[in-house]
Amino acid sequence: MKKVLFIAAFLVAGVSMQAQEGASAGVNLGLPIGDAGDLSGFSIGVDFNYLWSAAESIDAGVAVGFTNAFGKTIDTPIGSIEIEDVQFLPLAAAGRFHLSEDFSLGADLGYALGISDGNDGGFYYRPMVGYSLSEKLGLTFSYTGISLDGGSWDTLNLGLMLSL
């Protein structure tokens with residue numbers, strides 16, 4: 001079932017990338033915090049979204065991505081333990097509010113599929129602030145939270161988005 005959802009998500013991303021207006025793609029680097037910071041030192045992700053103008057200064061649409069958090073090596077009194085990478089495929093509704101020509105606030109809400117072994121995924125939320133560097137390039141700062149059974153996976157992210 002996960003493979004079917006994974007393929008469906010990338011088909012949505014492919015359709016979004018073919019559209020010229022409102023489509024964007026980006027990369028981000030993340031710093032795991034809280035429980036996630038105990039298991040991972042950093043993460044890298046890719047994002048795709050397609051947004052439509054819903055009202056003046058408000059865009060709404062869909063977002064999909066892929067994130068890989070690189071596992072740490074933890075030293076213990078009985079030896080070292082290597083933590084495996086943790087991977088998620090978020091599928092979300094997206095909204096952006098343009099405060100000015102250069103600044104925006106937004107959020108993605110949905111579900112992050114767990115891709116790595118033993119990772120069931122969970123509710124996904126990602127509030128963000130965006131700054132337009134140029135007509136096609138933007139800088140984003142975001143907090144990602146994924147509610148898991150018995151905990152959460154949280155990261156602070158810095159990314160670049162390119163309008164397609």
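Predicted model: local features only at pLDDT ≥ 70, side-chain atom pairs only at ≥ 80, totals over all residues.

Trainee: What makes up the secondary structure of the chain?

Mentor: The chain has two helices and 10 strands, in the order α-β-α-β-β-β-β-β-β-β-β-β along the sequence. Helices (H or I, at least four residues) and strands (E, at least two) are DSSP runs, numbered from the N terminus.

Trainee: Which strands pair with β1?

Mentor: Two strands pair if DSSP finds at least two bridges between them. β1 and β2 run antiparallel and are joined by eight bridges, so the pair meets that definition. β1 and β10 are also antiparallel, with 10 bridges. G30 takes part in both pairings: S43 stands opposite G30 in β2, and N157 is the bridge partner of G30 in β10.

Trainee: Why is G41 called partly exposed?

Mentor: The relative accessible area of G41 is 33%. Buried means under 20%, exposed over 50%, and partly exposed in between (1.4 Å probe, protein chains only). The value of 33% lies in between, and therefore G41 is partly exposed. Of the 164 residues of the chain, 37% count as buried.

Trainee: With which residues is G41 in contact, beyond its neighbours within four places in sequence?

Mentor: G41, which is found in strand β2, is in contact with L31, P32, F70 and K72 when those neighbours are left aside. Contact means heavy atoms within 4.5 Å. The C-alpha atoms of G41 and G30 are separated by 8.9 Å, with the two residues 11 apart along the chain.

Trainee: Where does S57 lie, and is it buried, partly exposed or exposed?

Mentor: S57 lies in the loop between β2 and β3. Its relative accessibility is 32%, so S57 counts as partly exposed. Phi of S57 is near 70°, a positive value in a residue other than glycine.

Trainee: How do you know that a space is a cavity or a pocket?

Mentor: On a 1 Å grid over the protein atoms alone, a cavity is a set of points where a 1.4 Å probe fits but cannot get out. A pocket is an open set with protein on both sides within 12 Å along at least five of seven lines, and lining residues have an atom within 4 Å of a point. The structure holds one cavity of 30 Å³ or more. The largest cavity has a volume of about 120 Å³, and T67, P90, Y124, T144 and T155 are the closest to its centre among the 13 residues that line it. β10 gives the most to that lining, with three residues.

Trainee: What is the volume of the largest pocket, and how many residues line it?

Mentor: The largest pocket has a volume of about 980 Å³ and is lined by 46 residues, of which S24, L51, D59, H98 and S163 lie nearest its centre. A volume is the space filled by probe spheres set on the points, which are joined across faces, edges and corners.

Definitions and conventions
Residues numbered from 1 in each chain as written. Heavy atoms only, no water.
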